[in-house]
Amino acid sequence: MPDMLKAAVTLPGEEFSRVALTPAAVQLLRKLWLQHGPLMFHQSGGCCDGSSPMCYPAGDFITAEADVLLGLFDLSDGLEPRPLEFWMSREQFSYWSHTHLTVDVVAGRGSGFSVEAPEGKRFMIRSTLMDWPA
């Protein structure tokens, strides 16, 4: 999808984006930003909606050494900066380190903890194997 918004590279020594947003995800995130202020994603490998990225108001989910910052998006649309970090648990990253992740939006209710849930939509990950030696 050529209109995807690619995240800035955040992992030391890498020169490629590991995460992208579909246009539908960008549109929903801009709407949610107006409602909730700055946002962030966290992708865990846990139970329940563990395969769905969770979107929180920035800082509501505390990250630590057990998490990896995979990318940084700019949702500004040319206006004031609107940074959005995409985090993943380090353990999950060890399993998914060979994939490129695309955040998309689908109809349906996700977790009640993720800010898009009241919109009747949920974020979902689409993954593609990357073709470089790990």
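Tutor: What follows goes from the ring pairs to the core and then to the salt bridges. This is a predicted model, in which local features need pLDDT of at least 70 and side-chain atom pairs count only at pLDDT 80 or more, while totals for chains, interfaces and linings use all residues. Residues are numbered from 1 along each chain as its sequence is written, and side-chain values use heavy atoms, with hydrogens and water left out.

A pair of aromatic rings is described by the distance of the centres and the angle of the planes. Here rings of Phe, Tyr and Trp (its six-membered ring) pair if their centres lie within 6.5 Å, and planes under 30 degrees apart count as stacked, over 60 as edge-to-face and the rest as tilted. Searching the whole structure on that basis gives three aromatic pairs. In one of them, the ring centres of Phe41 and Phe123 are 5.0 Å apart with the planes at 85°, so this pair is edge-to-face. It joins distant parts of the chain, since Phe41 belongs to strand β4 (residues 39–43) and Phe123 to strand β9 (residues 121–129), 82 residues apart; helices (H or I, at least four residues) and strands (E, at least two) are DSSP runs, numbered from the N terminus. Accessibility is classed with a 1.4 Å probe on protein chains only, where buried means under 20% relative accessible area, exposed over 50% and partly exposed in between. Phe41 is buried at 0%, and Phe123 is likewise buried at 0%. Tyr56 and Phe61 make a stacked pair, with 5.4 Å from centre to centre and 20° between the planes; Tyr56 is buried at 14% relative accessibility, whereas Phe61 is partly exposed at 27%. Ring pairs also join Phe41, Phe86 and Phe123 into a cluster.

In soluble globular proteins, nonpolar side chains tend to be buried together. A nonpolar core is taken as a set of buried Ala, Val, Leu, Ile, Met, Phe, Trp, Tyr and Cys residues joined through side-chain atoms within 4.5 Å. The largest such core has 27 residues, and those touching the most other members are Leu21, Leu29, Phe41, Leu70, Phe86, Val103 and Phe123. At least two residues of this core come from each of β3 (19–21), α1, β4, β6, β7, β8 and β9, and α1 gives the most, with six. Apart from neighbours within four places in sequence, Phe41 has contacts (heavy atoms within 4.5 Å) that include Leu21, Leu29, Phe86, Val103 and Phe123, and also Pro53 and Glu85.

Turning to charged side chains, a salt bridge requires a side-chain nitrogen of Lys or Arg within 4 Å of a carboxyl oxygen of Asp or Glu, and the count comes to four. Arg126 and Asp104 meet in one of them at 2.8 Å, N to O, and this pair links strand β9, which holds Arg126, with strand β8 (residues 99–107), which holds Asp104, 22 residues apart. Arg126 is partly exposed at 40%, while Asp104 is buried at 11%. Asp77 and Arg30 form another, at 3.9 Å, N to O; Asp77 lies in the loop between β6 (67–74) and β7 (83–89) and Arg30 in helix α1 (residues 23–36), so the pair ties together parts 47 residues apart in sequence. Asp77 is exposed at 55%, and Arg30 is partly exposed at 26%.
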